[in-house]
Amino acid sequence: MGHLDHAAFGWLTPVLSYVMACIGAALGLRCTVRALGATGRSRRNWLVTAASAIGTGIWTMHFVAMLGFSVSGTEIRYDVPLTVLSLLVAMVVVSAGVFAVGYGRDRVRALLLGGLTTGLGVASMHYLGMAAVRLHGDVTYDPARVALSVVIAVVAATAALWAALNIKSPVAVTVASLVMGAAVSSMHYTGMFAVRVQVTPSGEVLPGATAMQFVFPLAVGLGSYLFLTSAFVALSPTAGEREASASAQRPVESVAR
């Protein structure tokens, strides 16, 4: 049995992964709030941005945390196609959940369906990402902890969507995003504590890419996307601000006439 280290770089990867999860959650919540106040193409665009932010935040959180994962007695590499697939799954399934909430007429039903779909998508992303791991040995899982991680993912996703429907103020969104970041991180490490590795020493070269060759550059790129999109959303006027601006311009136009 290989010794598993989930924080090979100390607190750096757990803290940084938590920050990425919080940023993705905060951005997703703000975009969903904007979407619910919009109509037509604008609503769709905000929902797409929300889904991409949440999906990117979750995926980045997972693989930043995985940078600190090591197993004694073996190298670790990642299957590139499976790693990319895990990102696509995160995006697609989170989109389904967010759109269910954004366009659902029955809010309770949409919330439950969206939370279940999104939560299962988050769990699928996690375990697809783990399936991409290549090492010398066999990986097994504790079924009870796996089940617990899936339950945490569903509850966290449902809570996030509920917050998007019911929380409007920036302060409340910030608090909700901190809670969501903690929930997503808890799901990740619960799933990781379910892992057992039986190392089989070998001199063969492992297939795939190392974390620094592939995962790290991609995580940095997606993290940059989150920061830039956060700046865009922060600078974009809300529906209330646009209405206030339009109202302020009407008296001026009336006087000019």
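This is a predicted model: local features need pLDDT of at least 70, side-chain atom pairs count only at pLDDT 80 or more; totals for chains, interfaces and linings use all residues.
**Helix α5**

Let's start with α5, which covers residues 143-166 and has 24 residues. From first C-alpha to last, α5 reaches 35 Å, close to the 34 Å expected at 1.5 Å a residue.

Several α5 residues are buried, among them Ser149, Val154, Leu161 and Leu165. The cover over the buried residues of α5 includes α1 (12-36), α3 (80-103), α4 (107-131) and α6 (170-193).

**The nonpolar cores**

The largest nonpolar core holds 56 residues, and Met66, Val71, Tyr78 and Val98 touch the most other members. At least two residues of this core come from each of α1, α2 (40-66), α3, α4, α5, α6, β6 (195-199) and α7 (211-235). The biggest giver is α2, with twelve residues.

Have a look at Val98: leaving aside residues up to four places away in sequence, Val98 touches Thr32, Leu47, Ala50, Ala51, Ile54, Thr118 and Leu161. A second, separate core has six residues, including Leu29, Ala163, Ala164 and Val173.

**Spans listed in the record**

An unreviewed UniProt entry lists "transmembrane region" for residues 15-33, 45-70, 82-103, 110-132, 144-164, 171-194 and 214-235. Here is how two of these spans look in the model:

| Span | Helix and strand | Distance between end C-alpha atoms |
|---|---|---|
| Residues 82-103 | 100% helix, 0% strand | 31 Å |
| Residues 144-164 | 100% helix, 0% strand | 30 Å |

Note on methods
Residues are numbered from 1 along each chain as its sequence is written. Side-chain values use heavy atoms; hydrogens and water are left out. Helices (H or I, at least four residues) and strands (E, at least two) are DSSP runs, numbered from the N terminus. The expected span of a helix is 1.5 Å times one less than its number of residues. Buried means under 20% relative accessible area, exposed over 50%, partly exposed in between (1.4 Å probe, protein chains only). Contact means heavy atoms within 4.5 Å. A nonpolar core is a set of buried Ala, Val, Leu, Ile, Met, Phe, Trp, Tyr and Cys residues joined through side-chain atoms within 4.5 Å. UniProt positions are given in the numbering used here, feature names are shortened, and annotations may be inferred rather than shown by experiment.
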